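User: Hey, can you walk me through the pockets on this one? I'd like the lining first, then whatever else you've got.

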Amino acid sequence: MANFPVINLEKLNGEERAATMEIINDACENWGFFEIVNHGISPEFMDTVEKLTKEHYKKCMEQKFKELVASKALETEINDMDWESTFHLRHLPISNMAEIPDLDDEYRKVMKEFASKLETLAEELLDLLCENLGLEKGYLKKAFYGSKGPNFGTKVSNYPPCPKPDLIKGLRAHTDAGGLILLFQDDRVSGLQLLKDGQWVDVPPMRHSIVINIGDQLEVITNGKYKSVMHRVIAQTDGNRMSLASFYNPGSDAVIYPAPALLGKDAQVYPKFIFDDYMKLYAGLKFQAKEPRFEAMKALEESVKLGPIATA
């Protein structure tokens, strides 16, 4: 099997731009994931984010997690929960940072700056995808926009050591519902895997990298040219794995549909729907295959008739 795609974004500025763009395109088509280095966020700043995130877990969340799992006897396989400790930060359209208890001022300030840097990076990456797809610059950002701009938030997770990882997953297998996901993961403790060609493949931990993956909405907009991919987190017996997954998603009222320029003579395969309707469906079906979700949205589209899509 080919090596997991790692992309040096600095090479976009020189003679290797065309080759680098091709690697990105191949990753989007055949992996649904890729890892980027030299992405413009300084290693020193990422070290600060990691340090404060791990300190916050130790200070505010570790004991709560221990009390929670103490009530769950790991004697048989558990399929209705994950071995993870999490909280969610919302950045756009309106931040909830001030409402999250136990965040100290320094951590709030750093996470606000981190979110701003990731938002910029996400929009730069979307434009690279536009270029590869032959879409006009800004098309994907506009498609995500809705009436209040995109939804953008971060799931802050820790995956503590698990005494019986054969009985529970760190995070059960799923595809991501949204648009583009940017993951800053622990470089010392592994666990993230993706499904490729029927096999689970490790996503390699790499210092100061950011892992990118395609969400369901980009699969719809590209009419299946780029695909979201099942992935999971394996619980580990040693080490506490940090994960900051930031989701650059469509606005709640954004209407999602295949880009007309990508249809040409090809039939429209994917449905047209309002993003919030998809999220309501996804909430109950996250850990199931995505195809029935798309079929359900297609049935909804036919019942409410959001309007035809003109082909290019």
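User: So how do the residues lining the largest pocket divide into nonpolar, polar and charged?

Analyst: This is a predicted model, to start with. In the lining of the largest pocket, 18 residues are nonpolar, twelve are polar and five are charged.

User: Which residues lie nearest the centre of the largest pocket?

Analyst: Those are His-88, Lys-155, Asp-176, Ala-245 and Phe-247, out of 35 lining residues.

User: And how much space lies in the largest pocket?

Analyst: About 690 Å³.

User: OK, which element gives the most to that lining?

Analyst: β4 does, with seven residues. Other elements supply at least two residues each, including β3 (85–92), β11 (241–249) and α7 (275–285).

User: Moving on, what volume does the second largest pocket have?

Analyst: The second largest pocket comes out at about 240 Å³. It has 18 lining residues, and Leu-195, Ser-228, Val-229, Met-230 and Lys-290 lie nearest its centre. Two or more lining residues come from each of α1 (17–30) and β7.

User: You mentioned β7. Which way do β7 and β8 run, parallel or antiparallel?

Analyst: Antiparallel: β7 (residues 192–196) and β8 (residues 199–202) are joined by four bridges. Within that pairing, Leu-194 stands opposite Val-201 of β8.

User: What about the turn, which residue there takes a positive phi?

Analyst: Asp-197, with phi near 55°. The β7 and β8 hairpin has two residues between its strands.

User: New topic: where does Met-111 lie?

Analyst: Met-111 lies in helix α3, which covers residues 105–133.

User: Is Met-111 buried or exposed, and why do you call it that?

Analyst: Buried, because its relative accessible area is 2%, and the cut-off for buried is under 20%.

User: So which residues is Met-111 in contact with, leaving aside its neighbours within four places in sequence?

Analyst: Met-111 touches Val-49, Leu-89, Met-97, Val-156 and Leu-244 on that basis.

User: Last one: what separates the C-alpha atoms of Met-111 and Pro-204?

Analyst: Those C-alpha atoms are separated by 24 Å, with Met-111 and Pro-204 sitting 93 residues apart along the chain.

Methods
Residues are numbered from 1 along each chain as its sequence is written. This is a predicted model: local features need pLDDT of at least 70, side-chain atom pairs count only at pLDDT 80 or more; totals for chains, interfaces and linings use all residues. Side-chain values use heavy atoms; hydrogens and water are left out. Two strands pair if DSSP finds at least two bridges between them. On a 1 Å grid over the protein atoms alone, a cavity is a set of points where a 1.4 Å probe fits but cannot get out, and a pocket is an open set with protein on both sides within 12 Å along at least five of seven lines; lining residues have an atom within 4 Å of a point. Grid points are joined across faces, edges and corners, and a volume is the space filled by probe spheres set on the points. Ala, Val, Leu, Ile, Met, Phe, Trp, Tyr, Cys and Pro count as nonpolar, Asp, Glu, Lys and Arg as charged, and the others, Gly among them, as polar. Buried means under 20% relative accessible area, exposed over 50%, partly exposed in between (1.4 Å probe, protein chains only). Contact means heavy atoms within 4.5 Å.
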